[in-house]
Amino acid sequence: MVIELMKAHASVRDYKEKQLTREEVSELIEAAQHAATSHFVQAYSIVWVTDPEKRKKLGELSKNAKQMEGAGAVFLLCADYNRLQHAGKLHGQDIIFDQAENLLVAVTDVGLLAQNLVLAAESKGYGICYIGGVRNDMAAISELVGLPEGVFPVYGLTIGVPNEANGVKPRLPVEAILHENEYDEAKYETILPEYDQTIQSYYESRGSNQKSATWTQQMTSFLSKPHRKDLKEVLAKKGFHFK
């Protein structure tokens, strides 16, 4: 069942040598395109990186060399208003995309496309991993694959035959994210400590990469300092000025 497939998801970072064929990639992308898209703008593009040297450089820039060089397929999932600019030119009209709303539309479109692509790949027995590290140096990666104005990478995606199966990391309980009629933050005082115990037990029981850590500790460490502070400037150069 689809629900069982979704609940079995775990990131894969170690792949066998098998490369996906062009036919397999086309099938997965076509399935991904049937995701919902705001106002049918389809504000996304995918760059399939097959050149070995570019994959190596992408691995360096994203700090994910092992994945980028070892996966069966490497994709850059991009927000894209360049194609829509061309659509406007057919009618002698400049399109507007430098607003916060347009940015949200494009990023949401990419996310929906990506999740469809992931489900399609996993339904075929492949493993996947999202790579947010492509935002570590968005300008250099854009140059590497020739992304023009109006196009920027949101994340990378590696797909391949897993070398080994990973355990499913426990998610927050449903009651932590589901609010009925009104947002209820009082429940976090009970739910979060309980979830911390669940996550700590999971990490300690893993066959490899065991560690002693809770979810709230990790999130506090991660979110107590800024990350990728150059993104606003890079996006502005891409034409996104957040008006």
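Q: What span should the 24 residues of helix α6 have, and how far apart are its end C-alpha atoms?
A: In this predicted model, helix α6 covers residues 100–123. At 1.5 Å a residue, its 24 residues should span 34 Å, which agrees with the distance between the end C-alpha atoms. That distance is 35 Å.

Q: Which residue just after α6 takes a positive phi?
A: The place to look is just after α6. A phi of about 90° is found there, and the residue that takes it is G125.

Q: Is Q42 buried, partly exposed or exposed?
A: Q42 lies in the loop between α2 (22–32) and β1 (44–48). Its phi is positive, about 50°, although Q42 is not a glycine. Buried means under 20% relative accessible area and exposed means over 50%. At 25% relative accessibility, Q42 therefore counts as partly exposed.

Q: What is the relative accessibility of R228?
A: R228 sits in the loop between α10 and α11 (231–237). It is not a glycine, yet its phi is positive, about 45°. R228 counts as partly exposed because its relative accessibility is 30%.

Q: Which residues lie closest to the centre of the largest pocket?
A: The largest pocket holds about 1,300 Å³ of space. Its lining has 34 residues, and the closest to the centre are S11, R13, K169, Y203 and R206.

Q: Which residues form a nonpolar patch on the surface with M1?
A: M1 is in the segment before α1 (2–7), and at 72% relative accessibility M1 counts as exposed. The patch has about 470 Å² of accessible area together. With M1, the patch is formed by V2, I3 and M6.

Definitions and conventions. Residues are numbered from 1 along each chain as its sequence is written. This is a predicted model: local features need pLDDT of at least 70, side-chain atom pairs count only at pLDDT 80 or more; totals for chains, interfaces and linings use all residues. Side-chain values use heavy atoms; hydrogens and water are left out. Patches are made of residues with over 30% relative accessible area and no salt bridge: like charges are joined within 9 Å, nonpolar side chains (Val, Leu, Ile, Met, Phe, Trp, Tyr) within 5 Å. Accessible areas come from the Shrake-Rupley method with a 1.4 Å probe; for residues, only the protein chains shown count as cover. A salt bridge is a side-chain nitrogen of Lys or Arg within 4 Å of a carboxyl oxygen of Asp or Glu. Helices (H or I, at least four residues) and strands (E, at least two) are DSSP runs, numbered from the N terminus. Buried means under 20% relative accessible area, exposed over 50%, partly exposed in between (1.4 Å probe, protein chains only). The expected span of a helix is 1.5 Å times one less than its number of residues. On a 1 Å grid over the protein atoms alone, a cavity is a set of points where a 1.4 Å probe fits but cannot get out, and a pocket is an open set with protein on both sides within 12 Å along at least five of seven lines; lining residues have an atom within 4 Å of a point. Grid points are joined across faces, edges and corners, and a volume is the space filled by probe spheres set on the points.
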